[in-house]
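Dear colleague,

Please find the structure below, handed over for your study. My findings follow directly after it.

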Amino acid sequence: MPYNHKLALLLFASFALLGTPALTNADNNTHQNKASNDSKSHAPDHHKHWSYGGEDGPEHWGSLEASYAQCATGAQQSPVDLISARSAPLAPIQINWAPFVPSVVNNGHTIQVNVEHQSQMVLDGKTFTLLQFHFHHNSEHTVDGKHYPLEVHFVHKADDGTLGVLGVFFKEGEANPALQSIWDIAPLEKDTIVASHDFDATDLLPAERGYYRYQGSLTTPPCSEIVDWAVFSHPIEASKAQINAFAQLYANNYRPAQPINRRYILRSE
Ligand SMILES: [Zn+2]
């Protein structure tokens with residue numbers, strides 16, 4: 001083997017070892033590659049900075065810039081407290097997700113996993129394609145006013161441009177292997193890491209598929225009211241250590257519950 005080639009290999013190996021620190025100690029068998037092209041996840045953002053507290057926190061989002069006005073003036077905002085749900089004969093949500101190679105992004109607001117566009121959800125007869133999923137601590141939706149420690153949002157888009165977001169709560173319990181495989185490579189700073197292994201997002205769904213459903217919005221600026229929301233009523237589990245690992249990075253990255261106003265929240269029977 002020519003000397004130069006060897007050196008290149010050595011350099012590559014050191015780079016891989018130094019890598020970007022992950023949310024938890026990555027096991028050494030997990031190969032990590034920096035995204036060579038992160039345009040998907042790091043589109044230039046010319047909008048005003050917003051956060052989850054202080055002067056650019058949720059109660060000020062609507063006045064930070066004109067395009068965020070709906071955060072303050074909207075009548076169908078998310079999240080909501082799901083307590084007032086009415087039983088209804090809702091069809092089961094059809095989830096046809098294929099395994100994919102995840103790109104795990106720390107975007108400054110959450111840990112987000114970008115998905116290759118080959119997975120669908122059918123909600124009330126409408127087909128949505130899975131784009132990404134991301135996490136909130138504590139949960140954004142509440143049940144009887146109570147937060148779960150963690151909520152994942154699976155963000156889907158329909159051909160007409162509207163979104164279908166599926167929420168899953170985590171309660172504290174057993175360690176969650178699927179969640180761990182994401183935590184293992186999640187960057188501690190703004191960055192993107194592409195995994196070398198497949199991920200099956202259905203591993204982050206509860207066995208019981210009863211759900212809440214309502215019309216709402218994005219829970220971050222610009223708070224657009226274009227979202228068909230579905231939230232599974234049964235939580236899945238994550239260990240205290242896994243919840244804490246996320247909280248050390250993004251504690252309280254949730255928007256408080258918004259007024260329900262004239263909406264109905266339905267719950268599958
Ligand atoms: Zn979200």
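In this predicted model, helix H5 spans residues 240–250, and its buried residues are Gln-242, Ile-243, Ala-245 and Phe-246. Viewed along the axis of H5, these buried residues lie within an arc of 155 degrees, so they line one face of the helix.

What covers the buried residues of H5? The cover includes helix H4 (177–183) as well as several strands, among them E5 (111–114), E7 (126–136) and E10 (150–157). Strands E11 (163–172) and E15 (236–238) also belong to it. After H5 comes Asn-252, which has a positive phi, near 60 degrees.

Strand E11 leads on to strand E14. The two run parallel and are joined by 5 bridges; Val-165, for example, has Trp-229 in E14 as its bridge partner. Strand E14 also pairs with strand E13 (residues 211–216), here in the antiparallel sense and over 6 bridges. In this pairing Gly-216 stands opposite Val-227 of E14. Strand E14 itself (residues 227–232) is mostly covered, with 5 of its 6 residues buried.

As for the protein as a whole, it contains 5 helices and 16 strands. It has 269 residues, of which 37% count as buried. Among contacts with a separation of 6 or more, 71% are between residues 24 or more positions apart.

Yours sincerely

Definitions and conventions
Residues are numbered from 1 along each chain as its sequence is written. This is a predicted model: local features need pLDDT of at least 70, side-chain atom pairs count only at pLDDT 80 or more; totals for chains, interfaces and linings use all residues. Helices (H or I, at least four residues) and strands (E, at least two) are DSSP runs, numbered from the N terminus. A residue is buried if 20 or more other C-beta atoms lie within 10 Å of its own, exposed if 12 or fewer, and partly exposed in between; C-beta atoms are placed from the backbone. Two residues are in contact if their C-beta atoms, placed from the backbone, lie within 7 Å. The arc is that of the directions from the helix axis to the C-beta atoms. Two strands pair if DSSP finds at least two bridges between them.
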